[in-house]
Amino acid sequence: MVTFEANNLTVDQYLYLRSRVEWKQLSREQAQKALDNSLYVLAAYHNGDLVGMGRLVGDAAVICYIQDLIVDPSIQNHGIGTSLLRMLTEEAESMGIPGTTLMLDLMCAKGREHFYINRGFMPRPNDELGPGRIRYL
């Protein structure tokens, strides 16, 4: 059984999930600040074991970003990522100002593009929007 818990993920849990998908290592200080400054953090548990997470960051008025959507590779393709994405989207919608449009953005890991396209996220560049960019500081 999969259950979800909001805003209760520890630094150790966050770092553990990042390591499971072999993402760039963070210091404990970076990880704690990232969690503290998130608008919303959602964790997924399968039979009580932590198996996934996602965060919302941004201003909750004009833009939110889905960040760190992670599902442990040992349990991927069981709908957990889809559920996390749906719940994060619903939370972002609830944060927006009525009568306005909130942009919900994300950058996906290489090879995961179709997961997001199939769930309503448009690729960039397209006819209206240029490509995204990144710079490490």
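This is a predicted model: local features need pLDDT of at least 70, side-chain atom pairs count only at pLDDT 80 or more; totals for chains, interfaces and linings use all residues.

Visitor: Where do R86 and E90 lie?

Guide: Both are in helix 3, four residues apart, which is about one turn of the helix. R86 is partly exposed at 43% relative accessibility, and E90 is partly exposed at 42%.

Visitor: How many salt bridges does a search of the whole structure find?

Guide: The search finds five salt bridges. One of them pairs D72 with R20, with the closest N and O atoms 2.7 Å apart. D72 belongs to the loop between strand 4 and helix 3, while R20 belongs to helix 1, so this pair ties together parts that are 52 residues apart in sequence.

Visitor: And is D72 buried or exposed?

Guide: D72 is buried, its relative accessible area being 4%.

Visitor: What does R55 pair with?

Guide: R55 forms a salt bridge with D68, and their closest N and O atoms are 2.8 Å apart. The pair ties strand 3, where R55 lies, to strand 4, where D68 lies; the parts are 13 residues apart in sequence. R55 is buried at 7% relative accessibility, and D68 is buried at 4%.

Visitor: Let us change topic. Which residues have the most contacts inside the largest nonpolar core?

Guide: They are L56, I66, L69, I80, L84 and L88, in a core of 19 residues. Strand 2 (40-46), strand 3 (49-58), strand 4 (63-71) and helix 3 (80-95) each supply at least two of its residues. Helix 3 gives the largest share, with six residues.

Visitor: What else is there besides that core?

Guide: There is a second, separate core of 14 residues, and Y14, A34, M53 and I70 are among its members.

Visitor: Which residues of helix 1 are buried?

Guide: In helix 1 (residues 11-20), the buried residues are V11, Y14, L15, L17 and R18. They lie on the same side of helix 1, because they cover an arc of only 160° around the axis. These buried residues pack against helix 2 (28-36), strand 3 and strand 4.

Visitor: What about the surface, then? Which residues form a nonpolar patch there?

Guide: M107, I134 and Y136 form that patch, with about 420 Å² of accessible area together. Y136 is located in the segment after helix 4 (113-117), and Y136 counts as exposed because its relative accessibility is 66%.

Methods: Residues are numbered from 1 along each chain as its sequence is written. Side-chain values use heavy atoms; hydrogens and water are left out. A nonpolar core is a set of buried Ala, Val, Leu, Ile, Met, Phe, Trp, Tyr and Cys residues joined through side-chain atoms within 4.5 Å. Buried means under 20% relative accessible area, exposed over 50%, partly exposed in between (1.4 Å probe, protein chains only). Patches are made of residues with over 30% relative accessible area and no salt bridge: like charges are joined within 9 Å, nonpolar side chains (Val, Leu, Ile, Met, Phe, Trp, Tyr) within 5 Å. Accessible areas come from the Shrake-Rupley method with a 1.4 Å probe; for residues, only the protein chains shown count as cover. A salt bridge is a side-chain nitrogen of Lys or Arg within 4 Å of a carboxyl oxygen of Asp or Glu. The arc is that of the directions from the helix axis to the C-beta atoms. Contact means heavy atoms within 4.5 Å.
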